[in-house]
Number of protein chains: 4
Amino acid sequence: MIGLGRMGEGMVRRLLQAGHECVVFDLNRDKVDELTGAGAVGTNSLEDFVSRLAPPRPVWLMIPVAFVDEMIGKVVPLLEPGDVIIDGGNTHYHDDIRRAKELGPRGLHYVDVGVSGGVWGLERGYCQMIGGEAGVVGRLGPVFEALAPPVETAERTPGRDQVDGSTAEHGYLHCGPTGAGHFVKMVHNGIEYGIMAAYAEGLNILRHADVGSRQHEKDAETTPLRDPELYQYNFNLSEVTEVWRRGSVIGSWLLDLTAKALLKDHDLDAFSGRVSDSGEGRWTIQAAIDEAVPAHVLTTALYQRFASRGESTYADKVTSAMRKEFGGHVEKHSAGI
Amino acid sequence: MIGLGRMGEGMVRRLLQAGHECVVFDLNRDKVDELTGAGAVGTNSLEDFVSRLAPPRPVWLMIPVAFVDEMIGKVVPLLEPGDVIIDGGNTHYHDDIRRAKELGPRGLHYVDVGVSGGVWGLERGYCQMIGGEAGVVGRLGPVFEALAPPVETAERTPGRDQVDGSTAEHGYLHCGPTGAGHFVKMVHNGIEYGIMAAYAEGLNILRHADVGSRQHEKDAETTPLRDPELYQYNFNLSEVTEVWRRGSVIGSWLLDLTAKALLKDHDLDAFSGRVSDSGEGRWTIQAAIDEAVPAHVLTTALYQRFASRGESTYADKVTSAMRKEFGGHVEKHSAGI
Amino acid sequence: MIGLGRMGEGMVRRLLQAGHECVVFDLNRDKVDELTGAGAVGTNSLEDFVSRLAPPRPVWLMIPVAFVDEMIGKVVPLLEPGDVIIDGGNTHYHDDIRRAKELGPRGLHYVDVGVSGGVWGLERGYCQMIGGEAGVVGRLGPVFEALAPPVETAERTPGRDQVDGSTAEHGYLHCGPTGAGHFVKMVHNGIEYGIMAAYAEGLNILRHADVGSRQHEKDAETTPLRDPELYQYNFNLSEVTEVWRRGSVIGSWLLDLTAKALLKDHDLDAFSGRVSDSGEGRWTIQAAIDEAVPAHVLTTALYQRFASRGESTYADKVTSAMRKEFGGHVEKHSAGI
Amino acid sequence: MIGLGRMGEGMVRRLLQAGHECVVFDLNRDKVDELTGAGAVGTNSLEDFVSRLAPPRPVWLMIPVAFVDEMIGKVVPLLEPGDVIIDGGNTHYHDDIRRAKELGPRGLHYVDVGVSGGVWGLERGYCQMIGGEAGVVGRLGPVFEALAPPVETAERTPGRDQVDGSTAEHGYLHCGPTGAGHFVKMVHNGIEYGIMAAYAEGLNILRHADVGSRQHEKDAETTPLRDPELYQYNFNLSEVTEVWRRGSVIGSWLLDLTAKALLKDHDLDAFSGRVSDSGEGRWTIQAAIDEAVPAHVLTTALYQRFASRGESTYADKVTSAMRKEFGGHVEKHSAGI
């Protein structure tokens, strides 16, 4: 395992708990020492790292996407035909396809693994979506299984007893040829963005359900609320999200986490609302467009993140400028909520 | 309980199982007989129904929204001050507020209950979001609790042990004054639309990931796919949804159901794709607009349902007509997928 | 004419230029005096105003929507059967229908006029969309025609010579019964929002086409730009909008105004980007939803305005809170552009 | 000029009218003969074509994007250093950048021109957005000017008299280095999609304003219209679009064309509503995403086109399948409108 950040460290610990031997490397020596203390074989150079693995070596990379190609460039000269590079990061599947083509002539295999589970993976297990050659992926089965959540995590889907030989119930899946793992993970994250935005928007609507009890100005620039008496509710959102956790149609793990966050801090004052995006949401939309398939929800969820970072300000200024030109409208300075 | 349809019947059965006495009425005599066989007190007229209940009577309506006002008109003359009308249907909260105002002077109470759980409620329990006077709602606690899912259904949210007197963990919640129950249920369903659309769009993108392997025409009316080799995947969506059920960030009850549906019928040939909407999604958007709060995802999910029923066809024709006028573009007859 | 604001004043001046006699009233005495100087009959009370008009009196209201009902309440007792109240403001057509019902028994007529043209109407003429009884609307024809732009403003639509008796080419149209004028104006404004947003978004994309030349951080919270060399353009947007004004498919009056605004101030530093909405955009969406018709573009344009005023902040905070819970992601503080 | 399709033919004719000499080539001999008859120099092979041009040769390609690279491959061996290849098609600007890099070492120049104007360009002139080396673009000025609309086409933007040396008023603009022309044209088309969708949606809402007068079923699968009396309008859309052409804020050339199309065929029965997209709309969104800039309107307009071709059907089936699973909802077969 190369890369002992948030995800990498958790994965190593989970593998160790399952009795696997793990050779680890990271530029951060403290992390290496920490995991050595937990039973891993720590190394302090790539040469050292490679030499501690027996061929055919499975070299699992768990590092930020921006550094993966550089790392592959460094580690490849140290490897032998038959070795396998596994990229478990949030890689664009285009890069998987390119890399597999580059590594093939050297006799090296490339496996792409989309890993979901976040900081909870150590405890809950990591859901793994895998792409690459079937034989190579098959040999790594025990590793994937150790990382994955146990089958009991979820109730059996009716009809599953008729399905032979699938690992899907065991929390990992060989999705197809090179890139298939990251493609499925990419869309997984696209869906994640959409679901998160659905909850966020709904809670925002509940939060503003008291709008009728607040004062509004009467002028040509402000739309009057027609029936203020219909918007007099002060909802307790930590209670609302809690009640939804049992028996409702919208129960989910993300809801569990939302209920937890709101219980800690109903107003979410610890957050400013600038939401990052890590790439998969964008690539999902690019795939949708290449496929000529509509993806209204996933796209608008992504754009909401862009907008949360101020990226629509110039567009808003253009709109204000037009309004001034045709109607003499001067911008109001409202307070926001 | 008046109304023994899909939801009403399940609720009566669940109450009976918990040892509650239930007086039932429905225009459909067979349903009444069936539930009488299961232990309920069947009645064959509203007069009969009311007379079998001891005051203060809780009269729970579980009928299509379009018939609720008519039913209230019929039952009100039979009731006495102190009696309670409970509307558990998918009512617009505006109607709750109006009705509570109308019933108040007669000494009748009105409680609105948003019920989630669908056909699974009998087995899983019903999540209930409740609006009305605190005292009246409080007296009905045992009924709500019997209908609700048990607290063990979900793991405890960290910090919940510090919260006193909340029923949220027990699957029901007094959300606020009249209309609050249906308001929260309304937004709940709005969120539900968004989440469903997120999965649907994502699966559609996965489904079309083989677009590069299909033949495309080269002409001025068709956009060529720039890199067909990037879209050569044939994903097994029942396997993909299954693997996401364990350890992934997007695990949810709706995903469980999706995995089940796809396992039965990967191509979903049993469905044409005409999606109904039952009102709450629309009202959620209307609330968002009244509150001047953006709801991109929830709205677009609703519109997708409208579009699935052919309601955007005229708009599409207008677009085609414009294209013909400015560019001489003639419509292509493509096959769809 | 009651109400001499931005629109009302311009309309009176245009009527005076066409040789019409105008009796005017406004709470702002200076405005009344100003227009008296321009040839109008100024009045200093509603009684005075009504007494100067010969029956059947056309009483045209041009005041903020929030004050219309109050004004009607004051003026109605002064009127006689056969008089006509004309509401030329941005009224919700629901109110038109209600008012016409209220006024009918008193023998008063009600005409709703949606007026487009903004501060340019005095010079260009006002486009008028009219609802009400055909006979009453017909008698007001000369007034509407004087306010409207001349027929030569636009080239004749091919085939129009075959159409008899239509006033559409003359810039005003009896669209249908009560409310029809404001309904058409409402949708007109909904479309306006969509078109404005289309330009605004496109210009924002052009504005950010230099993103590849700016520095980006490499970390797990920032998506790296895959090909920075593809985004090295510094477009001059006042030149770009100018070139689009001649011969392009997207030429329009709004584009003319945009080119003008950008020539004055390329960076639009005079604007902060808080965009108001005056109601019609919201009502358009509510109509779309009542009709079960998708309106993706018009809705998202409206939401963009809500968001420009900070109304999605709580939703963004919810998203940030979820990301922290499942992935340990801490918000970045980016600078925006 | 290579390529005498819809656009190419019109451009040659416009150049001939302006007194320019044009050498033309097309695989379709009839087209070549037709234009030879109109004064062009017809050629029947690429060799012939090149030999008729004096160096430095301007070779303008006006062919479908899918064939451009192939054509460049054929013509390049016939050219000499200093010659210029001009691509006036709907090319992705990524390809411009690549080609300029490939042609540079051979001493060939590459100029990209985004051309708007459609079938009307011959009559109205072509709006041209140009990318490439300033010197090369400058030398082609007379050609661009002949193709462009005359400056009188639009009223002068206030302040333009202060601007020196800009060609923007003359209908063509050197937007920046290689690719800049097609980048601006790409966004231009993205905006075009948005504007078209805005009109289309608005007209669709007007079209359905009679929904209250149509019969609706009362059942749990159909949302009842709360106030049918509010939706009793039968709008004449050819009249409505005509009245908007004069004095309204939404006047535009696209509106002119819409009014024309609706006058010919109010119900647009000649169209089925399958809307093609020619690429620029997609690329605009991809640019927005690369730039991390929200583009809600432009994207949803594009998706509407995808959906018009049936590409969301599988997503809709997934939604139906979920509804069946959780609520026992069976699809309704509605008639659409």
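Chain A splits into domain 1 (6–150 + 167–178) and domain 2 (185–216 + 225–313). Those bounds come from an automatic or database domain assignment. Before I go on: this is a predicted model, where local features need pLDDT of at least 70 and side-chain atom pairs count only at pLDDT 80 or more, while totals for chains, interfaces and linings use all residues. Residues are numbered from 1 along each chain as its sequence is written, chains are lettered from A in the order in which they are written, and side-chain values use heavy atoms, with hydrogens and water left out.

Back to the two domains. Taken over C-alpha atoms, the centres of domain 1 and domain 2 of chain A are 33 Å apart. Eleven residues from domain 1 and ten residues from domain 2 of chain A make the contact, where contact means heavy atoms within 4.5 Å. Together the two domains of chain A bury about 930 Å², and carbon and sulfur atoms give 65% of that. Buried area here is the accessible area (1.4 Å probe) that two parts lose on being put together, summed over both.

Who carries the domain 1 side? A:Asn90, A:His92 and A:Trp120 lose the most area to domain 2 of chain A, together 48% of what that side buries. Now the polar side of things. Between the domains of chain A, the count of salt bridges is zero. A salt bridge needs a side-chain nitrogen of Lys or Arg within 4 Å of a carboxyl oxygen of Asp or Glu. Polar contacts do turn up: four residue pairs, both at pLDDT 80 or more. That term means a pair of N or O atoms within 3.5 Å; within protein, one must be able to donate a hydrogen and the other to accept it, and residues adjacent in sequence count only if both atoms are side-chain atoms.

By element, strand 5 (residues 109–116) of chain A gives the most to the domain 1 side, with three residues. Helices (H or I, at least four residues) and strands (E, at least two) are DSSP runs, numbered from the N terminus. By class, that domain 1 side has four nonpolar, six polar and one charged. Ala, Val, Leu, Ile, Met, Phe, Trp, Tyr, Cys and Pro count as nonpolar, Asp, Glu, Lys and Arg as charged, and the others, Gly among them, as polar.

Next, chain D against chain A. Here 23 residues of chain D touch 23 residues of chain A. The pair buries about 1,900 Å², 66% of it on carbon and sulfur atoms. Salt bridges across this interface: zero. Polar contacts: six residue pairs, both at pLDDT 80 or more. On the chain D side, helix 12 (280–291) and helix 13 (296–308) are the elements that give two or more residues. Helix 13 of chain D has the largest share, eight residues. By class, the chain D side has 13 nonpolar, six polar and four charged residues.

Last, symmetry. Chain D superposes on chain A by a rotation of 180 degrees with 0.0 Å of shift along its axis, RMSD 0.0 Å. That is the relation of a two-fold axis. D:Gln286 has the C-alpha nearest the axis in chain D, 3.2 Å from it.

Conventions. Least-squares fit on C-alpha atoms with pLDDT ≥ 70 in both.
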